[in-house]
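The following exercises are to be worked with the sequence and the model side by side. Each task is followed by a solution in steps.

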Amino acid sequence: MTNYIFVDGLVKVYSGGVVALDDVSFSIDSGGIVGLVGPNGAGKTTLVKILATLIKPTRGSVEVLGFDVNSGYENVRKRISLVPQDACPELYLTPYEHVYWYLRSRGLPKGDAVRLAGESLEKVGLWDVRDRVCAKLSGGMRQRVLIASALAVPADIYFLDEPTVGLDPLARRGVWSVLREVSKNSLIFLTTHYMEEAEVLSDLLIMINRGRIIEMGNPLELLRKVKYRYKVVLEKFADISQIDVSFIETDEGKTIYVESDAELSKLLGFLVDRGLSFTVKSTSLEDLFIMRVKGCGDK
C-alpha cells in the first residue's frame, strides 16, 4: 500500500514571517495510532491542517495516501476524517442529528448514515442522550459528539486535534478504547497535551518543538533514551544552592534527575540533612520531552 503520510522538508511560514514548521520530514507507512506532542505554539495544529488539506505548505513535499496535498486535495478529503481543535457541535442539533447529518454531508446513503450514527454514538457513550440538544449537554459530552461524528465516517486516516480536551478521566479512557479499535483498520493521527495519553495509545510518537521534530519513535524505544532512572522533585522555593546539582524548573517544582541508586542515596542524604521535603519518582516519557524542550539531558 502507498504510504499513509509522506512529508519531506515541510516548511510553513505565516504572514509576518512567523515560522510554524521548519524542515519537517517523516513517513508513516502503516496504520495504528501516531501521537503528536509539543508545547503550545510548537506547530502541531499547523501540521494537522496541512495534512488534512485545510492550509497549504510554504515549501516541501507532502503526500497523504499517495496524493499531493496541493494538487490532489479532493482525493485526500474523500478518504480522511477530522476533529479540528476548538471545534463545537451545532448546539441546536441533538447528538444523533449532528452525526447523521455529518455523514449525509459526506455523501453516505440514508440507511448507512442511520446505522453508523447509532453505532458511533453507542461507542462513545452518548446513546442515552442522543435526542437531547447539544446546547443542554456538558462540555465533555459536546466534545464526544465531535469525536462520534469523525469516527462514524469510514476513512483511511482520522486526524484528531486534541480530541479528549475537557473529558473526565473515565470518558477519556472510554475514547481511548474506541480509538484502539478503530486503529486496527486505519491510521489515527492524534495530537494531545496529555503525555500519558500519548504514551498509552501511540504506536509511533512524534515530539515537536518550535516547528521542528525533536524526537520520533515507538514510546518504549524513546523511553530507553532517558539515561536517568529517577527524578527528585522539590518545591519551587526550596533552597538547594549548597548542593552541587543541576535542576529543571517544571510545574511540579525543582526537578533533579538522578542516574543511579548510589547517586540517589547520596542526594537524599543531603536533602534530609537540610530538612527539605521531596518526592522521588521514576522517570517517564514526559521527562524526555521536558529535557528535549528545555535543551538538557542526553541527545
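A nonpolar core is a set of buried Ala, Val, Leu, Ile, Met, Phe, Trp, Tyr and Cys residues joined through side-chain atoms within 4.5 Å. Buried means under 20% relative accessible area, and exposed means over 50%. The model is predicted.

**Exercise 1. Describe the nonpolar cores and the surroundings of Tyr 158.**

Step 1. The largest nonpolar core holds 36 residues. Those with the most contacts inside this core are Val 99, Leu 103, Leu 151, Tyr 158, Leu 160, Leu 179 and Ile 188.

Step 2. Two or more residues each are given to this core by helix H3 (95-105), helix H4 (110-123), helix H5 (139-152), strand S7 (157-161), helix H6 (169-182) and strand S8 (187-191). H5 supplies the largest share, with 7 residues.

Step 3. Once neighbours within four places in sequence are set aside, the contacts of Tyr 158 are Ser 81, Ala 150, Leu 151, Val 153, Val 182, Ser 186, Leu 187, Ile 188 and Phe 189.

Step 4. A second, separate core has 29 residues, among them Ile 5, Leu 21, Val 62 and Val 69. In soluble globular proteins, nonpolar side chains tend to be buried together.

**Exercise 2. Determine the strand order of the open sheet of 4 strands and identify its edges.**

Step 1. The order is S2-S1-S4-S5, with antiparallel pairing.

Step 2. S2 and strand S5 (67-68) are the edge strands; each has a single partner strand, so one side of each lacks a neighbour in the sheet.

Step 3. Val 64 has Phe 67 in S5 as its bridge partner.

**Exercise 3. Is Phe 26 buried or exposed, and which residues does Phe 26 contact?**

Step 1. Phe 26 is located in strand S2.

Step 2. The relative accessibility of Phe 26 is 6%, and buried means under 20%, so Phe 26 counts as buried.

Step 3. Beyond its neighbours within four places in sequence, Phe 26 contacts Ile 5, Phe 6, Val 7, Leu 47, Leu 51, Phe 189, Ile 206, Ile 213 and Met 216.

Step 4. Phe 26 and Val 62 are 36 residues apart in sequence, with a C-alpha to C-alpha distance of 9.8 Å.

**Exercise 4. How do strands S9 and S10 pair, and what lies between them?**

Step 1. Strand S9 (residues 204-209) pairs with strand S10 (residues 212-217) in the antiparallel sense, over 5 bridges. Leu 205 stands opposite Gly 217 in S10.

Step 2. The two strands form a hairpin with 2 residues between them. In the turn, Arg 210 has a positive phi of about 55°.

**Exercise 5. Characterise the largest pocket and the helix that gives the largest share of its lining.**

Step 1. The space in the largest pocket comes to about 400 Å³.

Step 2. Its lining consists of 17 residues, and Thr 250, Asp 251, Glu 286, Phe 289 and Ile 290 lie nearest the centre. By class, the lining has 7 nonpolar, 4 polar and 6 charged residues.

Step 3. Helix H10 (residues 285-294) contributes the largest share of the lining, 5 residues.

Step 4. H10 is mostly covered, with 7 of its 10 residues buried. The buried residues of H10 are Leu 285, Asp 287, Leu 288, Phe 289, Ile 290, Met 291 and Arg 292.

**Exercise 6. Summarise the chain as a whole.**

Step 1. The secondary structure comprises 10 helices and 14 strands.

Step 2. Of the 299 residues in the chain, 48% are buried.

Step 3. Among contacts between residues at least 6 apart in sequence, 66% join residues at least 24 apart.

Notes
Residues numbered from 1 in each chain as written. Predicted model: local features only at pLDDT ≥ 70, side-chain atom pairs only at ≥ 80, totals over all residues. Heavy atoms only, no water. 1 Å grid on protein atoms, 1.4 Å probe; cavity = no way out; pocket = protein on both sides within 12 Å on 5 of 7 lines; lining within 4 Å. Points joined across faces, edges and corners; volume = space filled by probe spheres on them. Nonpolar A, V, L, I, M, F, W, Y, C, P; charged D, E, K, R; others polar. Pairing = 2+ DSSP bridges. Buried < 20%, exposed > 50% of the residue type's maximum accessible area, 1.4 Å probe, protein only. Contact = heavy atoms within 4.5 Å.
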